[in-house]
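Subject: Structure for you to look through

Hello,

Here is the structure I promised to pass on. Please open it and keep it beside this email while you read.

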Amino acid sequence: MELVLTVTPCAETGGFVARWDDPAGGGICTQGDTLAELQTMVTDAVRGYFEGAALPSAVRLHFVQDPVLAVA
C-alpha cells in the first residue's frame, strides 16, 4: 500500500499541514514549520498510526501549492 498525504501551506504559522483520510475512518494530520520538520512529523505520525500493522510501502507528499525556497 502506498500512502499519499496532501500538503497545504498553513497561513497562520507559515509552515505546512499534511493530511491523509483513511477510507475506513480516521486518518493522519500533522504539521511542521519547515519541510524538514514536516518530513519528520509525517514519519512519526505514519509509524504511530500503523503501529502493530504493516507499514505502507511508500509515503508520498502531494503539495497542492509548490513550496517557495528562500535562497537570499
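A question to start: does Thr30 count as buried or exposed? Thr30 counts as buried, because its relative accessibility is 11%. Buried means under 20% relative accessible area, exposed means over 50%, and partly exposed lies in between, with a 1.4 Å probe and protein chains only.

Two notes on the source. This is a predicted model, in which local features need pLDDT of at least 70 and side-chain atom pairs count only at pLDDT 80 or more, while totals for chains, interfaces and linings use all residues. Residues are numbered from 1 along each chain as its sequence is written, and side-chain values use heavy atoms, with hydrogens and water left out.

**The chain as a whole**

The chain has 1 helix and 4 strands. Their order from the N terminus is β-β-β-α-β. Helices (H or I, at least four residues) and strands (E, at least two) are DSSP runs, numbered from the N terminus. The C-alpha atoms fill a box of roughly 45 × 20 × 15 Å along the principal axes. Of the 72 residues in the chain, 25% are buried. The accessible surface is about 5000 Å², and 53% of that belongs to carbon and sulfur atoms. Accessible areas come from the Shrake-Rupley method with a 1.4 Å probe; for residues, only the protein chains shown count as cover.

Now the contacts, meaning heavy atoms within 4.5 Å. Take those between residues at least 6 apart in sequence: 39% of them join residues at least 24 apart.

**The strands**

Start with strand β1 (residues 2–9) and strand β2 (residues 16–21). They run antiparallel and are joined by 4 bridges. Two strands pair if DSSP finds at least two bridges between them. Val7 stands opposite Ala18 in β2. The two strands form a hairpin with 6 residues between them. In its turn, Gly14 has a positive phi of about 85°.

Next comes strand β3 (residues 27–32). It runs antiparallel to β2, with 6 bridges between them. Trp20 faces Ile28 across this pair. Ala18 has Thr30 as its bridge partner in β3. The hairpin of β2 and β3 has 5 residues between the strands, and Gly25 there takes a positive phi near 115°.

Look at the two faces of β3. Ile28, Thr30 and Gly32 form the covered face. Gly27, Cys29 and Gln31 form the uncovered one.

Compare one residue from each face. Thr30 touches Phe16, Val17, Ala18, Leu38, Met41, Val42 and Ala45, not counting residues up to four places away in sequence. Gly27 is partly exposed, because its relative accessibility is 28%. Leaving aside neighbours within four places in sequence, Gly27 is in contact with Trp20, Asp21, Asp22 and Tyr49.

**The helix**

How far apart are the end C-alpha atoms of α1? They are 21 Å apart, which agrees with the 21 Å that its 15 residues should span at 1.5 Å a residue. The expected span is 1.5 Å times one less than the number of residues.

Leu38, Val42 and Val46 are the buried residues of α1. Seen down the helix axis, they fall within an arc of 65°, so they line one face of α1. That arc is taken from the directions from the helix axis to the C-beta atoms. These buried residues pack against β1, β2, β3 and β4 (58–63).

The face turned away carries the exposed residues Thr40, Asp44 and Arg47. Thr40 counts as exposed because its relative accessibility is 53%. The C-alpha atoms of Thr40 and Gln65 are separated by 20 Å. Those of Gly27 and Thr40 are separated by 17 Å.

**The core**

Which residues make up the largest nonpolar core? They are Leu3, Leu5, Val7, Phe16, Ala18, Trp20, Ile28, Leu38, Val42, Val46 and Phe50, 11 residues in all. The elements that give two or more residues to this core are β1, β2 and α1 (35–49). A nonpolar core is a set of buried Ala, Val, Leu, Ile, Met, Phe, Trp, Tyr and Cys residues joined through side-chain atoms within 4.5 Å.

Find Phe16 in that core. Leaving out residues up to four places away in sequence, its contacts include Val7, Thr30, Leu38, Phe63 and Pro67.

Best wishes
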